[in-house]
Amino acid sequence: MADNTRAPLPLAGVKVVDFGQYMAGPAVAMILADFGATVIHIDPPGGPLWDSPANATLNRNKLSISLDLKTPQGLENALALIEETDIVVESFRPGVMSRLGIDFNELRRERPELITISIPGFASNDELRREWRAYESVIAANSGVFTDMGLNRVLMGINPSFSPLPLSSAYGTMLAASATVLALQARERTGLGDQIEVPLAAAVMEGLCYNSIKIDNYPERYKTQREQEIERRRTEGLPMNLGYEDLQELLDPFYRSYKCKDGRMFYVVCPSHKQHAKRCLQTLGLYDELVEEGLTEEEDTYLPVSEWKSDVSLGVYPLPKEWADLIAERMKAVFMTRTSKEWERIFGRGKFPGAPHRWLQEWINDDHAETAGLMVEVEDPEFGTMIQPGPIVWLEESSAQMIHPTPRRHVSFEHALKSLSAMETKLPRVREKNARDGWLDGVRVLDLCNVIAGPHSAAYLARFGAEVIKLDPSTPTYDCWNTVIFGLSHMRGKRSLLADISSPEGRDIFEELVKTADVIVWNAPDRQVRAMGLDLESLEKLNPDAIFCKLDCFSGPREGPRSGYLGYDDLVQATTGIMTRFGGSMETPEEHAHVGTIDVMCGFGGALGVATALYQKLKTGRTGRPRTSLSALSGLAQMPFCFDFGKRKLFDEPAGREVVGYDDLSRFYYTSSDTFLLLSAYESDTERFEQVEGLQGFASIPVEDRAAFLAETFMTARAEDWVERLQNADIGAAICENIDTIRTYNSRPTDGHPGTDRGSYSFSVYEDHPSGHTVTQLDPYAVRPLRGRVLALPPAEKYGASTRSILQELGYEDERIEELLANGTISDSWSREYLPS
């Protein structure tokens, strides 16, 4: 086994200057510092623009200094630091750095090896919004986050619906960090750096790409009870006024919460898998009696429903209402016989997913989180012993070093400059002929993943030129809602091969693919990795140069008591307090609405791990094994409040269904256009209100009367007018848009371009999609390198469409391929229809 107590960190020797403020910029530099980079963080003279204990996490492993960039000396010092660095990170509005005298175009003309990463709120080519004050909630409101907060909130009639999760910054962090390290590894091949922009508005759209997809003539079989109820109420003109308890009865029994003997709620996530729902019912002692009552398991659920022997099949989502109600009632009774902790152990050891709901404070202080290194202790100079989220991504061989971060430290400019200049940077020679190559041209990826996080990781790599082969079983393990519907997004740019690798002949195919791969990505617990022969020792015999990236649900840099438990996005939301916050109480937990909230973040984390391992291999020759988990990413998703220390204030961030914002200056207000406005201002902005037509005199209004004054005043004009007035006064504001509208106004027929030239929002319409449906999808457009190439990914091919061609490339003759098809070792399709009806 690798000695992860002594292996050097993969970015040791890399030098970074971090001008970032608020969350995304500092978080990118934090990730680089966690990986061993030397980072100098620069604050303005008055300190960070965001006054939060979270800065202790964001600036760990960094040296911090204060510079006034508006003075000649401050600018000179900043340029001196940049002269010694490899990477510059900034997160201001487009053009701010140039106006301060730090022009990335000019710097890179002088030093083409420099890598710069800019993380503005809105894109620099978004003429309407590029100058907006783009706080987190402004970006969320304008990008449809608050008005597309899930089917629950639609049926409850709560729209918009506020959430304090910093999704824009979290997705932006992972996209920007992965892009930075991808550019760094590309520099090892070309000698050339890059200039990268990642707008947060584009980043959050990419994070919600599974929510914004539109499939014309969407088959009825995939519509859940909640979707059907929404359609019924709209058709019949009925109000959306369901209560929480009524709403629970519209949930699938394998996708809902149950009260346990100890009064705590337990979340079950067992839909879509052939075995998980069955194991669940067998363990609960319900399987045999339900089978006797007519519950069936269809042999081939990829047939049209009209050809099934029955109207129900266990392991398919969603179940018909009659069966869903029956199974849920039986499960409710059984869950009351044990405590939530007992059920957690039973589900974990039984190899099917479920977990108790917890509050964030419980998760931060959880035994598993501590033991696994998902939460770490840091001796901060201001807060003392502080619990912070652990590493987001790590390499197995150096992970032990990452769980003991160095606390942030303020130093002088001279100390910071000496820290950088003392390190010699050894750059490869410049190869101009590669100047326009994709960052991953020539890299071959074998994707063994399922559901969202893993497959999305490999799809993200494809946009930069990686060749991705997706390997799935010849007979599907998951139902087509899980594979085909999700695959419309994460199968883009991939070739699909179907093979039974548990058979001797299928194993031969698998090993041939492993031997030809540069990178292997799989989301699985360690026991499955060992069984597959992809543990370190076994893989070294097959392909010692292959980088193996593993994603899972609960693991951390160290082994923890629940590291091997199975789980999905929803379970991490339950375990880490996201659902109790969103629902407002332990009695009313709700999933955080969006499909793949943590999954997509984790997918970008897997890509970051791959990029880091590629860089390490090019730089040192060492082949690393990158890892991440959904639980590790939950810390980033909750960064503004995911910490604890002795004198920490209450965990009182906004929670529950009725919350409309943080306070009177940062919340929703109704306007005369029957549209909600999101105001996002700080106390320091009150004088700016005097510049806004209709709001003069606001600064003198007593604090307790502000909300009433604003509510009445905002009703005197349209939301569009208020946004213009407020943003002209440099006050954060946005209309609460919805994703349907954003997609409608920003879609075009597919044209072979990735959308990076189209502002903050960009969709493509595939009228000739291989599925036979017209499909509208978000473009792969959030990462925008100046030199590197981003591909417009082709639409997802049908599963198995490339089985023959891939085997031919491996040297299989046509006659042999036919034999393998005949005996079931391989398959070229799971179904007659691309999207089974």
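1. Residues are numbered from 1 along each chain as its sequence is written, and side-chain values use heavy atoms, with hydrogens and water left out. Because the model is predicted, local features need pLDDT of at least 70 and side-chain atom pairs count only at pLDDT 80 or more, while totals for chains, interfaces and linings use all residues.

2. On the surface, a patch of negative charge is formed by Asp367, Glu370, Glu377 and Glu379, where a patch takes residues with over 30% relative accessible area and no salt bridge, like charges being joined within 9 Å. Helix 18 (367–371) and strand 11 (375–380) are the elements that each give two or more residues to this patch; helices (H or I, at least four residues) and strands (E, at least two) are DSSP runs. Glu377, which belongs to strand 11, has a relative accessible area of 53% and is therefore exposed, a word that stands for values over 50%, as buried does for those under 20%.

3. Tyr258 sits in strand 8 (residues 255–259) and, at 1% relative accessibility, is buried. Apart from neighbours within four places in sequence, Tyr258 has contacts (heavy atoms within 4.5 Å) with residues including Arg264, Phe266, Met331 and Phe335. Tyr258 and Phe335 are 77 residues apart along the chain, yet their C-alpha atoms are separated by 6.6 Å.

4. Thr803, in helix 33 (residues 803–809), counts as buried because its relative accessibility is 0%. Leaving aside neighbours within four places in sequence, Thr803 touches Ser496, Leu497 and Leu498 as well as Ile826, Ser827 and Asp828.

Notes:
Patch = residues over 30% accessible without salt bridge, like charges linked within 9 Å, V, L, I, M, F, W, Y side chains within 5 Å. Areas by Shrake-Rupley, 256 points an atom, 1.4 Å probe, with all protein chains shown as cover. Salt bridge = Lys/Arg side-chain N within 4 Å of Asp/Glu carboxyl O. Lys, Arg positive; Asp, Glu negative; His and termini not counted. Charge placed at Lys NZ, Arg CZ, Asp CG, Glu CD. Buried < 20%, exposed > 50% of the residue type's maximum accessible area, 1.4 Å probe, protein only.
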